[in-house]
Amino acid sequence: MASFRESLDFRALRFAVAFPLLLAVGFVVCAQMLRNDLPNPVAVMWNADGGTSFAPFGAYVTGGAALITFCGWAVFLQAVSISRPVVMRRVMMGMGLMISLFITTVVAAGLVGQSGVADARESHVDPIVLAMGSGAAVALGVVMMFAFKPDPRWTREDDVALEEELRLLEDPDLSRDTFRLWVHARSSVFVMIIVSALFPAALIAVAVPWLGALVAAAALVGAGLLFARVRADRGGLQVFAGGIVRVLTVPAVDIAAAAPADVKAADYGGWGWRHHDDATAMLVSSGPAVVVRKLNGGRVALSAGTEASADKLAGVLNRAAHRAHGDGQAQ
């Protein structure tokens, strides 16, 4: 029972329960003030000509109040559990406010539109009440999303952060042995792809849509191969073409040495992912890169963006290789 209570934000719970209930009570009180001016029965559904379905006044008010209350609770309560992400809780709190106010607006506009009408078949939903209430519901819901401050509690994200800090305290060099890098071709290359492929694809699509789409898709795939995400840590090296597709994996135990170099893409078969002779490469341009020598005699080359990034990436891979081989920390 204690763990269940600790999993709830009681400040948010009180608001989530009380707000739709008070809103429903306010609707009932205002409806009673209009009762003498309303037809009997009142309309509950409308078309362009007027009311089409009818119900007693009490049923309309009771149903409207119940709809406000239960729909509001259903959304608001999603923001009560502290196990959910903070962003989700803020969004659901704002959505709860928005939906509660919108439903209140709809049922109130239905009653106001029948005020002073002798026959409900001649009534319509009041457009002014509906428009103003809907606008206020959206605006206040957005304000609630930004204004709601979830109670600070210890969550699973805090557990992960604590474990990470403990690992860093036990091994201060861990942060130096992790490196993340994005590399891409020069902007002029992407301009060339747009001019030489996407523009012609748009013209071809006028006559043969499927062929134009095929040319555009090929151009986008080619452009994607000129982006790469590099991840190096104590486990070794991983390279993802387009940031998604893993094209290179070199475990730390297979690395003999890594060194920064100024390479020409033509020496490795060109741009993109290539396998040329004994070398595998993922190059997005000529220039600063890291060349990794493997214990089996193979080589791996990958773009590093800048000389500083190449030096840092090579250092991380060399330290990872020394650790994996049991040689201790590389100097």
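1. F102, V106, V125 and L130 make a nonpolar surface patch of about 270 Å² (patch residues have over 30% relative accessible area and no salt bridge, with nonpolar side chains joined within 5 Å; a salt bridge is a Lys or Arg side-chain nitrogen within 4 Å of an Asp or Glu carboxyl oxygen; areas are Shrake-Rupley with a 1.4 Å probe). F102 sits in helix α4 (residues 86-112).

2. A quick word on the ground rules: this is a predicted model, where local features need pLDDT of at least 70 and side-chain atom pairs count only at pLDDT 80 or more, while totals for chains, interfaces and linings use all residues. Residues are numbered from 1 along each chain as its sequence is written, and side-chain values use heavy atoms, leaving out hydrogens and water.

3. The structure holds 4 aromatic pairs (ring centres within 6.5 Å; planes under 30 degrees apart are stacked, over 60 edge-to-face, the rest tilted). One of them is F15 with F76, edge-to-face at 5.6 Å centre to centre and 90° between the planes. F15 lies in helix α2 (residues 10-34) and F76 in helix α3 (residues 57-76), so the pair ties together parts 61 residues apart in sequence.

4. F76 is buried at 0% relative accessible area, whereas F15 is partly exposed at 31% (buried is under 20%, exposed over 50%, partly exposed in between). F15, F19 and F76 form one aromatic cluster.

5. Just after α9, G326 takes a positive phi of about 80°.

Definitions and conventions: Helices (H or I, at least four residues) and strands (E, at least two) are DSSP runs, numbered from the N terminus. Patches are made of residues with over 30% relative accessible area and no salt bridge: like charges are joined within 9 Å, nonpolar side chains (Val, Leu, Ile, Met, Phe, Trp, Tyr) within 5 Å. Rings of Phe, Tyr and Trp (its six-membered ring) pair if their centres lie within 6.5 Å; planes under 30 degrees apart count as stacked, over 60 as edge-to-face and the rest as tilted. Buried means under 20% relative accessible area, exposed over 50%, partly exposed in between (1.4 Å probe, protein chains only).
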